[in-house]
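Thanks for coming. I will take one structure today, starting with a helix pair and then going through some single helices and residues.

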Amino acid sequence: YIAKAADGSMRDGLSLLDQCIAFHIGQRLTFDKALDVLGAVDTGVFSNLVREVMARNVVGCIRILEDIVIQGRELSQFVLDFTWYLRNLMLLKASSAEGSASEMQAMEDIMEVSSDNLVKLKEEASMVETESLLRYIRIMSELSGQLRYASGKRILIEIALIKLCKPAMEIDADSVLERVRAVEEQVEKGI
């Protein structure tokens with residue numbers, strides 16, 4: 001995880017490990033303690049967040065963000081990591097569409113996630129459409145660029161989360177397709 005947080009550079013990963021050890025000197029270094037030092041978020045939070053987005057639950061998404069803020073996590077890193085999580089979902093979705101077991105295994109190796117996280121990712125990948133994932137990634141990538149110079153990061157993230165849940169707020173083709181898909185789901189359910 002530390003090497004991933006450092007964009008894959010082993011030297012940077014070792015430097016972060018040294019920081020974690022120094023911050024918790026004389027204590028057993030755990031995953032949660034490393035997350036605290038790095039200001040990072042456990043992937044379980046991203047799983048919960050993507051499920052709230054798929055359920056179009058704005059309140060649930062804002063509550064998750066509130067927990068992140070209360071924990072003092074770095075919001076720009078949170079957005080980057082969530083975008084990476086969505087990217088992994090997209091890769092799984094794409095590899096499952098290809099069908100070959102060897103291609104799926106190769107994709108899983110590229111993603112570098114634990115087997116527990118892989119199970120959640122596979123389940124979520126089966127629950128979401130590729131077009132929706134592409135829309136989510138676009139919104140979060142645009143947000144990441146906006147956060148570089150923003151003083152009100154939390155507000156921008158809240159707006160992006162609302163956009164993820166409410167495609168009606170946007171007029172681009174991806175959002176219109178998402179709205180049509182939502183209407184189709186309602187018709188199928190008899191709503």
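Helices H4 and H5 are roughly antiparallel to each other. This is a predicted model, and that goes for everything I say about the pair and the rest. The axes of H4, residues 43-54, and H5 come within 8 Å and cross at roughly 155 degrees. An angle over 145 degrees counts as roughly antiparallel, so this pair falls in that class. The crossing of H4 and H5 is left-handed.

Now the overall picture. The protein has 11 helices and zero strands. Read from the N terminus, the order of elements is therefore α-α-α-α-α-α-α-α-α-α-α. Of the 191 residues in the protein, 37% are buried.

Back to H5. This helix covers residues 58-70, which is 13 residues. From its first C-alpha to its last, H5 reaches 18 Å, close to the 18 Å expected at 1.5 Å a residue.

Which residues of H5 are buried? They are Gly60, Cys61, Ile64, Leu65 and Ile68. These residues cover an arc of only 140 degrees around the axis, which puts them on the same side of H5. On the other side of H5, Arg63 and Ile70 are exposed.

Both ends of H5 have something to point out. After the helix comes glycine 72, with a positive phi near 75 degrees.

Valine 59 comes up again, this time with leucine 161. Leucine 161 lies in helix H10. The C-alpha atoms of leucine 161 and valine 59 are separated by 9.8 Å, although the two residues are 102 apart along the chain. Is leucine 161 buried or exposed? Its relative accessible area is 2%, so leucine 161 is buried; the cut-off for buried is under 20%.

H9 runs over residues 130-147 and H10 over residues 153-165. Their axes come within 10 Å and cross at roughly 165 degrees. That makes H9 roughly antiparallel to H10. The crossing of H9 and H10 is right-handed, whereas that of H4 and H5 is left-handed.

The last helix is H8, residues 115-127. At 1.5 Å a residue, its 13 residues should span 18 Å, and the end C-alpha atoms are 19 Å apart, which agrees.

Which residues of H8 are buried? Leu118, Leu121, Glu124 and Ala125 are. Seen down the axis of H8, these buried residues fall within an arc of 130 degrees, so they line one face of the helix. On the other side of H8, the exposed residues are Ser115, Asp116, Val119 and Ser126.

Leucine 118 and leucine 92 are 26 residues apart in sequence, and C-alpha to C-alpha they are 9.2 Å apart in space.

To recap the pairs: H4 and H5 cross at roughly 155 degrees, and H9 and H10 at roughly 165 degrees.

Terms used. Residues are numbered from 1 along each chain as its sequence is written. This is a predicted model: local features need pLDDT of at least 70, side-chain atom pairs count only at pLDDT 80 or more; totals for chains, interfaces and linings use all residues. Side-chain values use heavy atoms; hydrogens and water are left out. Helices (H or I, at least four residues) and strands (E, at least two) are DSSP runs, numbered from the N terminus. The expected span of a helix is 1.5 Å times one less than its number of residues. Buried means under 20% relative accessible area, exposed over 50%, partly exposed in between (1.4 Å probe, protein chains only). The arc is that of the directions from the helix axis to the C-beta atoms. Axes are lines fitted to C-alpha atoms, for helices over the stretch in contact, and angles run from 0 to 180 degrees between N-to-C directions. Angles under 35 degrees count as roughly parallel, over 145 as roughly antiparallel, 65 to 115 as roughly perpendicular and the rest as oblique. A crossing is left-handed if the near helix is turned anticlockwise from the far one by less than a right angle, and right-handed if clockwise.
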